[in-house]
Amino acid sequence: MIKAMSAYVRIVDAINYRIGRVMMWGLFVMMGILLWSSISKTFFLPSLWTLEMAQFAMVTYYIMGGPYSIQLGSNVRMDLFYHNWSPQRKAWFDAFTVLLLILYLGVLFYGGLGSTAYSLGYWGDEPVSYFTGLLTGSEEIGRLERSSTAWRPYIWPVKSIMVFGFFLMLLQAVSEFFKDIARINGQEIGVQRA
């Protein structure tokens with residue numbers, strides 16, 4: 001069982017580490033968009049797309065960088081009592097709280113699937129069967145949702161990125177749970193990076 005958990009942790013951590021390292025450059029994408037927005041408003045006609053594009057870039061940066069943040073342990077936590085605990089007690093507490101995180105991310109993922117299905121023109125209440133139907137050809141994409149702004153971009157790309165990010169965070173949370181289980185048993189799995 002430890003070998004399977006270790007393999008899972010190694011694969012998920014490697015994927016999220018690489019994606020997180022790429023997402024760190026997303027800050028410069030947002031800066032470029034906002035810089036262009038400032039320049040176009042000052043010297044040219046204001047661009048309609050800059051505000052929403054900056055928002056979409058921020059969503060991508062935040063959601064896709066989340067699993068990397070969880071992996072590095074750089075998320076915010078309340079250390080009032082935690083820092084004085086033994087490593088095994090910390091692992092027990094972390095295992096319990098990560099189960100709550102997994103539940104929360106599962107709800108977010110399911111809700112994101114429903115929202116993405118809606119943006120693809122599906123008005124039913126079974127988003128999983130809709131996406132399965134898209135893959136098998138029994139379902140079709142309907143009228144695509146658009147933003148209500150003057151630029152009117154399609155919404156499904158950013159919603160798809162959010163669902164993919166929730167999925168990666170869910171995988172990373174399970175990885176963290178496996179690491180906590182190993183720590184409870186006095187073992188250490190996963191690669192520690194500086």
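Helices α1 and α3 are oblique to each other, a class that covers what remains once angles under 35 degrees are taken as roughly parallel, over 145 as roughly antiparallel and 65 to 115 as roughly perpendicular. In this predicted model, local features need pLDDT of at least 70 and side-chain atom pairs count only at pLDDT 80 or more, while totals for chains, interfaces and linings use all residues. Residues are numbered from 1 along each chain as its sequence is written, and side-chain values use heavy atoms, with hydrogens and water left out.

Two packed helices are described by the angle between their axes and the distance between the axes. For α1 (residues 2-23) and α3 (residues 50-72), the angle is about 135° and the axes lie 8 Å apart; axes are lines fitted to C-alpha atoms, for helices over the stretch in contact, and angles run from 0 to 180 degrees between N-to-C directions. The crossing of α1 and α3 is left-handed, meaning that the near helix is turned anticlockwise from the far one by less than a right angle (clockwise would be right-handed). On the α1 side, the residues that meet α3 are Val12, Asp13, Asn16, Tyr17, Ile19, Gly20, Arg21 and Met23. Their partners in α3 are Thr60, Tyr61, Met64, Gly65, Pro67, Tyr68 and Gln71, where contact means heavy atoms within 4.5 Å. By class, the contact of α1 with α3 comprises 8 nonpolar, 5 polar and 2 charged residues; Ala, Val, Leu, Ile, Met, Phe, Trp, Tyr, Cys and Pro count as nonpolar, Asp, Glu, Lys and Arg as charged, and the others, Gly among them, as polar.

Thr60 counts as buried at 19% relative accessibility, and Gly65 is buried with a relative accessible area of 17% (buried is under 20%, exposed over 50% and partly exposed in between, with a 1.4 Å probe and protein chains only). Setting aside residues up to four places away in sequence, Thr60 touches Met23, Gly65 and Ile161, whereas Gly65 is in contact with Met23 and Thr60. The C-alpha atoms of Gly65 and Asn75, 10 residues apart along the chain, are separated by 11 Å.

Within α1, the buried residues include Met5, Ser6, Val9 and Ala14, along with Val12 and Met23. The buried residues of α1 pack against α2 (26-43), α3 and α6 (156-184). The 22 residues of α1 should span 32 Å at 1.5 Å a residue, and the end C-alpha atoms are 31 Å apart, which agrees; the expected span is 1.5 Å times one less than the number of residues. Gly186, whose phi is positive, near 80°, follows α6.

A further pair is formed by α4 (residues 87-119) and α5 (residues 127-136), whose axes come within 9 Å and cross at roughly 55°. That makes α4 oblique to α5, and the crossing is left-handed. Tyr110, Leu113, Gly114, Thr116 and Ala117 of α4 make the contact with Pro127, Val128, Tyr130 and Phe131 of α5. These residues divide into 7 nonpolar, 2 polar and no charged.

Overall, the protein chain has 6 helices and 0 strands, taken as DSSP runs (H or I of at least four residues for helices, E of at least two for strands) numbered from the N terminus. Buried residues make up 36% of the 194 residues.
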